[in-house]
Amino acid sequence: MRKTIIYIAMSIDGYIADKNNGVSWLGGDNSEPESMGSFFSFFETIDTVILGWKTYSQIINELSPEEWPYKGKKTYVLTHRSVEDTQDISFISIENLTDFIEELKKESGSNIWICGGANIIHQVLESKSFDRLHISVMPVVLGDGVPLFSRISDSILLKLIHTEVSNGITELVYEIR
């Protein structure tokens with residue numbers, strides 16, 4: 001069965017975007033400028049991407065305005081807006097994210113990436129409908145912004161399965177115990 005993976009970067013103090021919703025701070029400390037960490041090897045293990053409207057907007061307006069970076073991967077943008085689908089992107093409104101993920105996991109294919117943003121990740125954490133949590137901790141303290149974690153109703157016990165450090169970025173990979 002396919003795995004659902006939250007793969008996200010955050011500041012040392014737990015933010016996924018700064019106070020202006022920007023992510024220009026993403027990146028390492030330039031100690032290994034050629035290192036791209038695990039992203040490209042991770043990207044090869046997925047064929048589906050789930051993200052919210054704000055994350056989608058940030059990608060097309062700030063991170064990659066010239067070209068959709070997840071071309072060839074089926075992308076679901078969760079939104080209540082009426083937007084026309086493209087070859088790779090379906091704009092959908094769903095009632096229950098957990099049920100949607102469970103249906104996707106039953107389909108054949110590679111892993112499913114929960115890309116963001118904070119609200120979607122919160123729902124996936126709250127429902128424990130993920131298999132792996134991969135956090136890349138960036139070498140920056142933001143002091144304010146969009147927090148990765150918000151209050152959840154029940155603890156989530158995790159098992160550390162891998163760590164890696166490159167270019168000042170610490171990658172932590174956990175699975176649910």
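In which helix is Glu102 found? In this predicted model, Glu102 belongs to helix α3. Its relative accessibility of 31% places Glu102 in the partly exposed class, because that class lies between the 20% limit for buried and the 50% limit for exposed residues. Glu102 and Cys115 are 13 residues apart along the chain, and their C-alpha atoms are separated by 17 Å.

The chain contains four helices and 10 strands. Their order along the sequence is β-β-α-β-α-β-β-α-β-α-β-β-β-β. Along the principal axes, the C-alpha atoms occupy a box of roughly 40 × 40 × 30 Å. Buried residues make up 43% of the 177 residues. Among contacts in the chain with a separation of 6 or more, 74% join residues 24 or more positions apart.

The largest nonpolar core comprises 24 residues, and those with the most contacts inside it are Ile6, Ile50, Leu97, Ile114 and Val124. At least two residues of this core come from each of β1 (4-11), β4 (74-78), α3 (97-106), β6 (111-116), α4 (118-127) and β7 (132-138). When residues up to four places away in sequence are not counted, Ile114 touches Thr4, Ile5, Ile6, Tyr7, Ile50, Ile101, Ile120, Ile121 and Val124.

Helices α3 and α4 pack with their axes 10 Å apart, at an angle of about 80°. The two helices are therefore roughly perpendicular to each other, since angles of 65 to 115 degrees fall in that class. On the α3 side the contact is made by Leu97, Thr98 and Ile101, and on the α4 side by Ile120, Gln123, Val124 and Ser127. Four of the residues in this contact are nonpolar, three are polar and none is charged. Leu97 and Val124, which take part in the helix contact, are also among the residues with the most contacts inside the largest core.

Ser64 lies in the loop between α2 (53-63) and β4. With a relative accessibility of 19%, Ser64 counts as buried, because the limit for that class is under 20%. Apart from residues up to four places away in sequence, Ser64 touches Ile59 and Pro69.

Terms used: Residues numbered from 1 in each chain as written. Predicted model: local features only at pLDDT ≥ 70, side-chain atom pairs only at ≥ 80, totals over all residues. Heavy atoms only, no water. Core = buried A, V, L, I, M, F, W, Y, C linked by side-chain atoms within 4.5 Å. Buried < 20%, exposed > 50% of the residue type's maximum accessible area, 1.4 Å probe, protein only. Contact = heavy atoms within 4.5 Å. Axes fitted to C-alpha atoms, helices over the stretch in contact; angles between N-to-C directions. Parallel < 35°, antiparallel > 145°, perpendicular 65-115°, else oblique. Nonpolar A, V, L, I, M, F, W, Y, C, P; charged D, E, K, R; others polar.
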